[in-house]
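Trainee: I would like a close look at one part of this model. Please take me through the salt bridges, pair by pair.

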Amino acid sequence: MKKILLLSILLYLFPQNVFCASQGNFLDLIPVTPGETCYAVVLQADYQKNEFPQQRDRKTEIDSIGQERHFSEKRSSDNTFSYSGIKAGVNLKNLPFFYLTAGYAKAEIDFSFSDELTRNKKKYSKSVSMESDAFPVFGAGICGRIYRTEMLKDYHFNLGLDLNYRFLDFDMNENDIDYASELHEIQLSLAGSVDSFTWKPFSRLELNFSPYAGCKISHFIGDEVYKDLSNRDYTGTPDPISYKGDIETSNHVSFFLGTGIQLTRSMLMTIETRSGDENGYALNLIYKF
């Protein structure tokens, strides 16, 4: 609740506008004229890095020789995703803009895991960096403008909300170490923009910019599997490590800043950067018809 209140306060303190992360300016997808229907296709390229803090899990089990074995498993990771894909949707008259997304991503994981065993047992601790092959990513979302007002002559301020979901399922292998993860990512963005500023760098070239900024909350739900098949105990006997657990993470709060550049009457390009609990940047090409 405190983070949501903080987001709301910061949005009103922004001197320019507020807009959604990793989606391009979603406010540009919504018609200004009430009751107008609009279709849009967006080509997306996005990079994001999230830190998943340390989690600890205590367990007790009976080992192969009948001894009670107490152990504490700890994991932490930095997850980096490079994504490219397409978003397509429709704004039917006065309804919000509904869209679907599909694309491919690659994951880079810096993963740390330790298993603290009882006396006379070997403690396991390892940090590894792994990279996945490209894997499909699917999602869906809804966005809408909730406020629009004239700021100065010929300039309007827009405020909107975007809620979207993505599914990521990937695995990787590095030197007898296997890692797999299934993630559900939910993002809520509160955003605004100003349209639009004109700049003529040359007499025959006119560029229209729509700056935007904002905040978002990202939440991850999922599970992961980690296996080290090459591990050995203190006697040199093979002792494979196998861990499976849920990913429990607090909400990631990030802030973003970007601008839209009008290329043609129906085509717009957006460039964006993000920082906070999530770091990243995005490039989007929007076509409306």
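Mentor: What follows goes through the salt bridges and the residues that form them. Bear in mind that this is a predicted model. Opposite charges on side chains can pair when the charged atoms come close. The structure holds seven salt bridges.

Start with E224 and R75. Their side chains meet in a salt bridge, at 2.5 Å from N to O. E224 sits in strand β9 (residues 205-228) and R75 in strand β2 (residues 68-91), so this pair ties together parts 149 residues apart in sequence. Is E224 buried or exposed? E224 is buried, and R75 is buried too.

Next, take E185 and R166. The closest N and O atoms of this salt bridge are 2.9 Å apart. E185 belongs to strand β7 (residues 177-195) and R166 to strand β6 (residues 155-174), so the pair ties together parts that are 19 residues apart in sequence. E185 has 1% relative accessibility, so it counts as buried. R166 has 9% relative accessibility and therefore counts as buried; the cut-off for buried is under 20%.

Now turn to K216 and E278. They form a salt bridge, with the closest N and O atoms 3.2 Å apart. K216 lies in strand β9 and E278 in strand β13 (residues 278-288), so the pair links distant parts of the chain, 62 residues apart. Both residues, K216 and E278, are buried.

Note on methods:
Residues are numbered from 1 along each chain as its sequence is written. This is a predicted model: local features need pLDDT of at least 70, side-chain atom pairs count only at pLDDT 80 or more; totals for chains, interfaces and linings use all residues. Side-chain values use heavy atoms; hydrogens and water are left out. A salt bridge is a side-chain nitrogen of Lys or Arg within 4 Å of a carboxyl oxygen of Asp or Glu. Helices (H or I, at least four residues) and strands (E, at least two) are DSSP runs, numbered from the N terminus. Buried means under 20% relative accessible area, exposed over 50%, partly exposed in between (1.4 Å probe, protein chains only).
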